[in-house]
2 protein chains.
Amino acid sequence: MMLCADMTNKNFRRWIAKTKKERGSNIILALDYTIPNPRELLLQSKKTIETLSPHICGVKFNRHLVLPLGLYSGVKELLDLTRTLGLPSIMDCKINDIGSTNRMIAHHYYTAGFDAVTANPFIGWEDGLNQVFKISNELNKGVILLVYMSHKGAVEGYAQRVKNPNTNKVYFQYQIFAEKALKWDADGVVVGATYPQKIFEINKILNGKIPIYSPGIGVQGGNIELVAKSRSDYFIIGRSILYAKDPIQSVRKFNEIINTS
Amino acid sequence: MMLCADMTNKNFRRWIAKTKKERGSNIILALDYTIPNPRELLLQSKKTIETLSPHICGVKFNRHLVLPLGLYSGVKELLDLTRTLGLPSIMDCKINDIGSTNRMIAHHYYTAGFDAVTANPFIGWEDGLNQVFKISNELNKGVILLVYMSHKGAVEGYAQRVKNPNTNKVYFQYQIFAEKALKWDADGVVVGATYPQKIFEINKILNGKIPIYSPGIGVQGGNIELVAKSRSDYFIIGRSILYAKDPIQSVRKFNEIINTS
């Protein structure tokens, strides 16, 4: 499939902001189907991207598709389709390995056609995430850091209190991660929709310099009206749309609630 | 390829300990080739597994192979071969996602034939790693937790000081992770060979109840004699063997040093 020249080498952050504005939607579709048959999984995923593309601003993929379909086969087909429809794609791989492996992971996802990856700031900079930022900057791709995840157990790590041995001051882990996102110039941070108060707090630290991406609305328990008011920039929604009786109607309703909050 | 009955449904932890004893080696080969051509990558990986299998006790895979070869195609072929040669296989996927995704990731790796996965304890238990332990226990597979990684930036997270808000006591992050490994009954913990003093300390916490796996020897700077004395149970070695002039000679030499330390 040929790519239009104006769709290649786009800066991820500007591209998704533009798409959000043009389509009147800040919903990123999380394409997390759990259909056991790979052929059906691929077909259903294609159909959903095509049907919903006018009403969303991006598509997020996870291991739900990469492992059964293969990166350079099924997933690549879906990425080509996503790009042809003018949407940026995010690989939610939550990179957290040593530098050489991180670079290898990012290299493959970008080569297949992804526009951004997610990564875990816990892993640190030197010989760690520096390699992810390096390759992403080289290729004009985006890095989205996990600052506070959406699941219940997230409090164990993201809300733990960390003591700075030099100043003796104590900070919440998510405050440290938000500061790192600023320092490393991340293109986005993930803060779970299940923790609207944290979105509010982290927004204050970021001061509008880095967009917030919030997963966890619907099935995971996040309340969209509350989250919309807490000023997330993007909403990552999967199962609540994928398994709705009428997915288009579902996305439209989400857009309406967000746009009027 | 048919599997011998006595090689299926083995308990990972006992199996790798038995292989270590029988082959006189506690080296786990990290099959992290970076050969760009997928066909060559697959052939070279097969050749290496076959050649080195008598001198190692397990094989560790990473995204270096999964992303270009595909899990259910090339990697599955390598897993069948590894199992036929009597060796357990570890997928170093460093799981760190929400519960439903963690379960999906582990499900695919186990279905393809892996015997254990690595996971990041930072992600927490509830609706997090509980799902990895659940599926692993159901299928008699192993979970290896990252307690202190091998790269330079590991100090940022793994060596940070965490304050318990109830007791006001301060602990190192790796101490908390080692305690979680005990509480959750992990089958192994990863502690970088580049931090031999930490291996020694973590060994004291674990008190021989959970084996330590140490990556980072050779290319990453870990000194094998020093690490062998600090009492790691398994050594994960990749590039130092894969890119040696004579890989068999290289593995034999590592075995000799470890067995006489």
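Me: What makes I49(A) and S53(A) contacts of L85(A)?

Reply: This is a predicted model, and the test is one of distance. Two residues are in contact if their C-beta atoms lie within 7 Å. L85(A) is in contact with I49(A) and S53(A), leaving aside its neighbours within four places in sequence.

Me: Why is L85(A) called partly exposed?

Reply: Count the C-beta atoms around it. L85(A) has 15 others within 10 Å. A buried residue needs 20 or more, and an exposed one has 12 or fewer. The count of 15 falls in between, so L85(A) is partly exposed.

Me: Where does L85(A) sit in the chain?

Reply: L85(A) is in the loop between helix 3 (63–84) and strand 3 (89–95) of chain A.

Me: How do you know how compact chain A is?

Reply: Compare two values. The radius of gyration of chain A is 18 Å. The globule rule gives 18 Å for 261 residues, so chain A is as compact as a globular protein of that length. The C-alpha atoms fill a box of roughly 55 × 40 × 35 Å along the principal axes. Buried residues make up 56% of the 261 residues in chain A. Take the contacts in chain A with a separation of 6 or more: residues 24 or more positions apart account for 71% of them.

Me: What is chain A built from, and which strands make its barrel?

Reply: Chain A has eleven helices and ten strands. Eight strands form a closed barrel in the order 1-2-3-4-5-8-9-10, with parallel pairing. Neighbouring strands are turned by 30° against each other on average, direction ignored.

Me: How do you know that strand 5 and strand 8 of chain A pair?

Reply: Count the bridges. Pairing requires at least two bridges. Strand 5 (residues 142–148) and strand 8 (residues 188–191) of chain A have four, in the parallel sense. L145(A) has V189(A) as its bridge partner in strand 8. Helix 7 (residues 173–183) of chain A lies across both strands, at about 165° to strand 5.

Me: Which residues have the most contacts inside the largest nonpolar core?

Reply: They are V147(A), V189(A), V147(B) and V189(B), in a core of 167 residues. Leaving aside neighbours within four places in sequence, V147(A) is in contact with several residues, including Y174(A), F177(A), V189(A) and I202(A).

Me: How do you know which strands close the barrel of chain B?

Reply: Eight strands close into a barrel in the order 1-2-3-4-5-8-9-10, with parallel pairing. Strand 1 (residues 27–30) and strand 10 (residues 234–237) of chain B run parallel, joined by three bridges. L29(B) stands opposite I237(B) in strand 10. Strand 8 and strand 9 of chain B are joined by two bridges. Pairing takes at least two, so strand 8 and strand 9 of chain B pair.

Me: What joins chain A to chain B at strand 6?

Reply: Three bridges join strand 6 (residues 161–163) of chain A to strand 6 of chain B, and these strands run antiparallel. V162(A) has V162(B) as its bridge partner. The contact takes 42 residues from each of chain A and chain B. Helix 3 of chain B gives the most to its side, with eight residues. That side divides into 16 nonpolar, 17 polar and nine charged residues.

Methods. Residues numbered from 1 in each chain as written. Chains lettered and ligands numbered in written order. Predicted model: local features only at pLDDT ≥ 70, side-chain atom pairs only at ≥ 80, totals over all residues. Axes fitted to C-alpha atoms, helices over the stretch in contact; angles between N-to-C directions. Nonpolar A, V, L, I, M, F, W, Y, C, P; charged D, E, K, R; others polar. Rg over C-alpha atoms; globule rule 2.2 N^0.38 Å. Core = buried A, V, L, I, M, F, W, Y, C linked by C-beta atoms within 7 Å.
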